[in-house]
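Q: Can you take me through this structure by asking what each label rests on?

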Amino acid sequence: MTMVRAGVVPTQRAALYSVLGILATVAMAAAIVGLFGVNRVFTGLLVGAIAGVAVMAALFTRDAILLTEQAIYRRTPWTVSSIDWDRVVAGRFTLDDRARWSLALDLSGGDEQHGELVLLSIPPVLRPVSGAYDLRKREQVNEIRALLRHKRIPVTVLPEIAGALQQHWQIAPPTR
């Protein structure tokens, strides 16, 4: 099996990454205007925007959950922690508190909030794959389900979610 990338960036960390991107934009723009004069405001903003987007992309890319054959790795830009597969009790595909579909693992022991690890949070599927976002999420659902099936971890899927996934994304319901 290969590595499967998943994860949901919490709102507070997403806000922090956005603020760091804005700070990088402002710092770069101020540096260019300070070095080359007021006539370089547009150039400063352009270079600053590129730097800000690069900072945010690096932070969001580094923040992920990696499912491997050996363990589950939870990465942030500053830390890496691992969770053994022995701690995974089950998986579930249900509605979360924001009416989005959430694919989460229930864990035994540990300090995770609510004893779960959220792998995906997607808007409800209402139509066939219509773009790159839908295609990537469909691939992630398939990859995660295949790895969980390989690890023999039971997954509970709400009937309305299973029906929509089968109808619109042609993902068969679990066999167990």
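Q: Why is L45 called partly exposed?
A: This is a predicted model, and every value is computed from it. L45 has a relative accessible area of 49%. Buried means under 20% and exposed means over 50%. The value for L45 falls in between, so the residue is called partly exposed. L45 lies in helix α2, residues 41–62.

Q: What makes the nonpolar surface patch?
A: V38, V41 and L45 make it, and the patch covers about 280 Å². A patch residue needs over 30% relative accessible area. L45, at 49%, passes that cut-off.

Q: How do you know whether T43 is buried, exposed or partly exposed?
A: T43 has a relative accessible area of 33%. Buried requires under 20%, and exposed requires over 50%.

Q: How far apart are T43 and A132 in sequence and in space?
A: They are 89 residues apart in sequence. In space they are 32 Å apart, C-alpha to C-alpha.

Q: What is the strand order of the open sheet that contains β1?
A: The order is β1-β2-β3-β4, and the pairing is antiparallel. The edge strands are β1 (4–6) and β4 (80–84), since each pairs on one side only. Neighbouring strands are turned by 20° against each other on average, direction ignored.

Q: How do you know that β2 and β3 pair?
A: Two strands pair if there are at least two bridges between them. Strand β2 (residues 64–67) and strand β3 (residues 71–75) are joined by 4 bridges, so they count as paired. They run antiparallel.

Q: Why are β7 and β8 said to stand at the edges?
A: They belong to an open sheet of 4 strands in the order β7-β6-β5-β8, with mixed pairing. β7 (116–122) and β8 (155–157) each have a single partner strand, so one side of each is left without a neighbour in the sheet. The twist here averages 15° from one strand to the next.

Q: How do you know that β6 pairs with β7?
A: The pairing threshold is at least two bridges. Strand β6 (residues 101–107) and β7 have 6 bridges, so they pass, and the sense is antiparallel. Within this pairing, A104 stands opposite V118 in β7.

Q: Which helices pack on this sheet?
A: Helix α3 touches β5 (88–95), β6, β7 and β8, and its direction makes about 150° with that of β7. Helix α4 (residues 159–169) touches β5, β6, β7 and β8, and its direction makes about 75° with that of β5.

Q: Why is β6 called largely enclosed?
A: Buried means under 20% relative accessible area. In β6, 6 of the 7 residues are buried, so the strand is largely enclosed by the rest of the structure.

Q: What joins β5 to β6?
A: 7 bridges join them, and the two strands run antiparallel. V88 stands opposite L107 in β6. β5 and β6 form a hairpin with 5 residues between them. In the turn, A99 has a positive phi of about 60°.

Definitions and conventions. Residues are numbered from 1 along each chain as its sequence is written. This is a predicted model: local features need pLDDT of at least 70, side-chain atom pairs count only at pLDDT 80 or more; totals for chains, interfaces and linings use all residues. Side-chain values use heavy atoms; hydrogens and water are left out. Patches are made of residues with over 30% relative accessible area and no salt bridge: like charges are joined within 9 Å, nonpolar side chains (Val, Leu, Ile, Met, Phe, Trp, Tyr) within 5 Å. Accessible areas come from the Shrake-Rupley method with a 1.4 Å probe; for residues, only the protein chains shown count as cover. A salt bridge is a side-chain nitrogen of Lys or Arg within 4 Å of a carboxyl oxygen of Asp or Glu. Buried means under 20% relative accessible area, exposed over 50%, partly exposed in between (1.4 Å probe, protein chains only). Axes are lines fitted to C-alpha atoms, for helices over the stretch in contact, and angles run from 0 to 180 degrees between N-to-C directions. Contact means heavy atoms within 4.5 Å.
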